[in-house]
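These are my notebook entries on a structure I looked up. I record each item in the order in which I examined it.

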Amino acid sequence: MKKGFTLTQTGILLTLWLTFLLSFVMRLSWSSLMPIVNEALHFTAQQGTSYLTAFYFGYALTVLPGGLLADRFGYRKSILGSLVAMAIVTGLMSTVQSYEYGLVLRFLLGIVSGPVQSACLKAIGEHFSAEQRGTAVGIFMSCTSFGITVVNGYAPFVAVHYGWQMAFLMTALLPLIVFFLALFTVKEVQAFRNKHTAETQGTEQQSMSLAQSLKFVGTNRNILLLAVMGFFATGTTWGVTTWANLYLVKQLHVTPIFAGGIMSLYGIAAVIAKPTIGFISDRISLPRNYLAAIVMFLFSPALLIFANTSNPDMLYITAPLLGMGAFMYSPLTNAIIIQAAPPELRGTTAGFVNLFNQIGALTAPIILSTVLTATGNYQTALMALSISPIIGAILLSLIRLK
């Protein structure tokens, strides 16, 4: 079967990549501008940090409902609606004068960003064949790491020279540009096929009710394994990512600038690894869940090697290895989500699994803090998470795909 992308596929993949990229740019815009806005509005460090929590709380609330909406009303409407909503809420951030008002806006931004990933994965499932999805999802997922570079490349510069309000307004324009691109590239392929089938067969296809959809994803063996795997794997990935700078500065006593350079290599390695492993998965006969299990298992020794690096110069090697280990599995597991779900429930399945991902991402920092409090050692806290990828790999090996 042909594995190269057509012009239409390339167009929609570019749009989906930009949409998901901007969902990260929107959420990270506060992180990059927080020092400037905190000073301008006299927010405390705790108040500024609570804006981050508000976003993720709203985001976690809508990842599953967002998937249900994508299945019920179509991924095109979900993508277009989220792009407009993200633009509006981010634009309103330029009008923040009080802590409470900004907190509500950050919560709303999480709400409107939650449906994006599920809708995009559903679209990939309909526009790309099984032999193309590994590459497509690998390219798609590369934007999550790239978003950090994008927002830090312009937002602080604009804020310093033109004001933080202008930085938010400029950020808000980006989703509107992609919105117009999506109008021409994102089409409901499966919806057309269902309608055509119903007309030619003289029947009307029956869709699952909300209760039936939730029952299916909550009882399907493969989907449950993916969800629990996501809790362990995603929690470890983002726990390591958010704690690595702190570990480098506190445990190895390097400068924050040096730590930032090391983490840039970590991110670059992740950006390269995602499409690479996706491309490989489309061209070998090994079932994708077994390949994902192998890759995820390697995350554990990569983390242990990184946590036991005492020579700062060796970080130039161990940090990129960790970046590959921490993110390489994600294109494979997201491609498995598409494969494991019925076409009419791909959005719901992606949202269900992503809900567990977010719970894991919120839980991992708590585990790290608990171990640090008990031992007083950053290295031990980081090493405590190394068992999680092994658990995730075992769960992946138990999945049975057709």
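Predicted model: local features only at pLDDT ≥ 70, side-chain atom pairs only at ≥ 80, totals over all residues.

Entry 1, cysteines. I looked at Cys 143 to begin with: its sulfur is 8.1 Å from the closest cysteine sulfur, that of Cys 120, which is too far for a bond. I took a disulfide to be a pair of cysteine sulfur atoms within 2.5 Å. A search of the whole structure returned 0 disulfides, and Cys 120 is accordingly in none. I then looked up burial, where buried means under 20% relative accessible area, exposed over 50%, and partly exposed in between (1.4 Å probe, protein chains only). Cys 143 is buried at a relative accessible area of 0%, and Cys 120 is buried with a value of 0%.

Residues are numbered from 1 along each chain as its sequence is written, and side-chain values use heavy atoms, with hydrogens and water left out.

I used the term for a set of buried Ala, Val, Leu, Ile, Met, Phe, Trp, Tyr and Cys residues joined through side-chain atoms within 4.5 Å. The largest such core holds 118 residues, and Phe 140, Leu 226, Leu 248 and Leu 396 have the most contacts inside it. Helix H1 (residues 7–41) supplies the largest share of this core, 16 residues. Helices here are DSSP runs (H or I, at least four residues), numbered from the N terminus. Leaving aside residues up to four places away in sequence, Leu 226 touches Thr 333, Ile 336, Ile 337, Ala 340, Val 353, Leu 396 and Ile 399.

I examined helix H13 (residues 288–307) against helix H18 (residues 387–397): their axes come within 8 Å and cross at roughly 170 degrees. Axes are lines fitted to C-alpha atoms, for helices over the stretch in contact, and angles run from 0 to 180 degrees between N-to-C directions. The crossing makes H13 roughly antiparallel to H18, a label given to angles over 145 degrees. Among the residues that meet are Met 296 and Phe 297 in H13, and Ile 390 and Leu 396 in H18.

Is Ser 118 buried or exposed? Ser 118 is buried, with a relative accessible area of 1%, and lies in helix H5 (residues 116–127). Not counting residues up to four places away in sequence, Ser 118 touches Val 63, Gly 67, Gly 347, Ala 350 and Gly 351. Leu 372 sits in helix H16 (residues 346–375) and is buried at 18% relative accessible area. With the same exclusion of residues up to four places away, Leu 372 touches Trp 243, Asn 377, Tyr 378 and Ala 381. I also recorded 9.9 Å between the C-alpha atoms of Leu 372 and Ala 384, which are 12 residues apart along the chain.

Which loop holds His 42? I placed His 42 in the loop between H1 and helix H2 (45–73). His 42 has a positive phi of about 60 degrees although it is not a glycine, and it counts as exposed at 68% relative accessibility. For His 253, phi is near 60 degrees, again positive in a residue other than glycine. His 253 lies in the loop between helix H11 (221–251) and helix H12 (256–281), and is exposed with a relative accessible area of 65%.

How values were computed:
Helix = DSSP H or I, 4+ residues; strand = E, 2+ residues; numbered from the N terminus. Contact = heavy atoms within 4.5 Å. Parallel < 35°, antiparallel > 145°, perpendicular 65-115°, else oblique.
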